[in-house]
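Please work through the exercises below with the sequence and the model at hand. Each task is followed by a solution in steps.

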Amino acid sequence: MIITLIGYMGSGKSLIASQLSKEINLPIIDTDFEISKRNNRSIGQIFETKGELYFRRQEKEILEEILATHENLILSVGGGTPCYYNNMELLNSSTHTVFLQASVSTLTRNLLLNKNKRPLISRISDEELPEFIAKHLFERNIFYTQAQTTIITDGKTPEEITLEIKEKIFRQDYT
């Protein structure tokens, strides 16, 4: 089984993937990490030198490769991955998708901690960030809400979120 975590940047996909991996003993693949490794550059550098369209094509290729060659893992994808090409359809047909849904205020708080490492928001002022996130979420939610499972993350610890994922996917009581 492949469990794919989707959601807006700052929703905790990487953190939850790590926590879930430890608890259910599955490896993690992070598509952003794979793209960075393949290009020998950070995501920010790829956006800056090659552009977003190049990045999205790389994202699609890597996603298809992962889905074709792996059977059991936790897949953490970039926030925009479900929104391009037929990626969400592909993810839903090949994996169990989990949308980590966070409020604009939670996302803003999380993203302000490392805004400079995020190419899509690095040049947006702190004051304008909540409005940008709200607009972006509105555009992306049509894709995110197609996930097979939704977990509202606001006010929950990584352990609580992980437990809820396990309960919903495996329909077992882990308490």
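The model is predicted, so local features need pLDDT of at least 70, side-chain atom pairs count only at pLDDT 80 or more, and totals for chains, interfaces and linings use all residues. Residues are numbered from 1 along each chain as its sequence is written, and side-chain values use heavy atoms, with hydrogens and water left out.

**Exercise 1.** Determine how the axes of helix α2 and helix α4 cross.

Step 1. Helices are DSSP runs of H or I with at least four residues, numbered from the N terminus. The axes of α2 (residues 31–39) and α4 (residues 52–69) come within 10 Å and cross at roughly 110 degrees; axes are lines fitted to C-alpha atoms over the stretch in contact, with angles from 0 to 180 degrees between N-to-C directions.

Step 2. The two helices are therefore roughly perpendicular (65 to 115 degrees).

Step 3. Residues making the contact (heavy atoms within 4.5 Å) include Ile-35 and Arg-38 of α2 and Glu-61 and Ile-62 of α4.

**Exercise 2.** Identify the salt bridge of Glu-23 and the helices that it joins.

Step 1. A salt bridge requires a side-chain nitrogen of Lys or Arg within 4 Å of a carboxyl oxygen of Asp or Glu. Glu-23 pairs in this way with Lys-166, with the closest N and O atoms 2.5 Å apart.

Step 2. Glu-23 lies in helix α1 (residues 13–24) and Lys-166 in helix α8, so the pair ties together parts 143 residues apart in sequence.

Step 3. Lys-166 is buried at 7% relative accessible area (buried is under 20%, exposed over 50%, partly exposed in between, with a 1.4 Å probe and protein chains only), whereas Glu-23 is partly exposed at 37%.

Key:
Angles under 35 degrees count as roughly parallel, over 145 as roughly antiparallel, 65 to 115 as roughly perpendicular and the rest as oblique.
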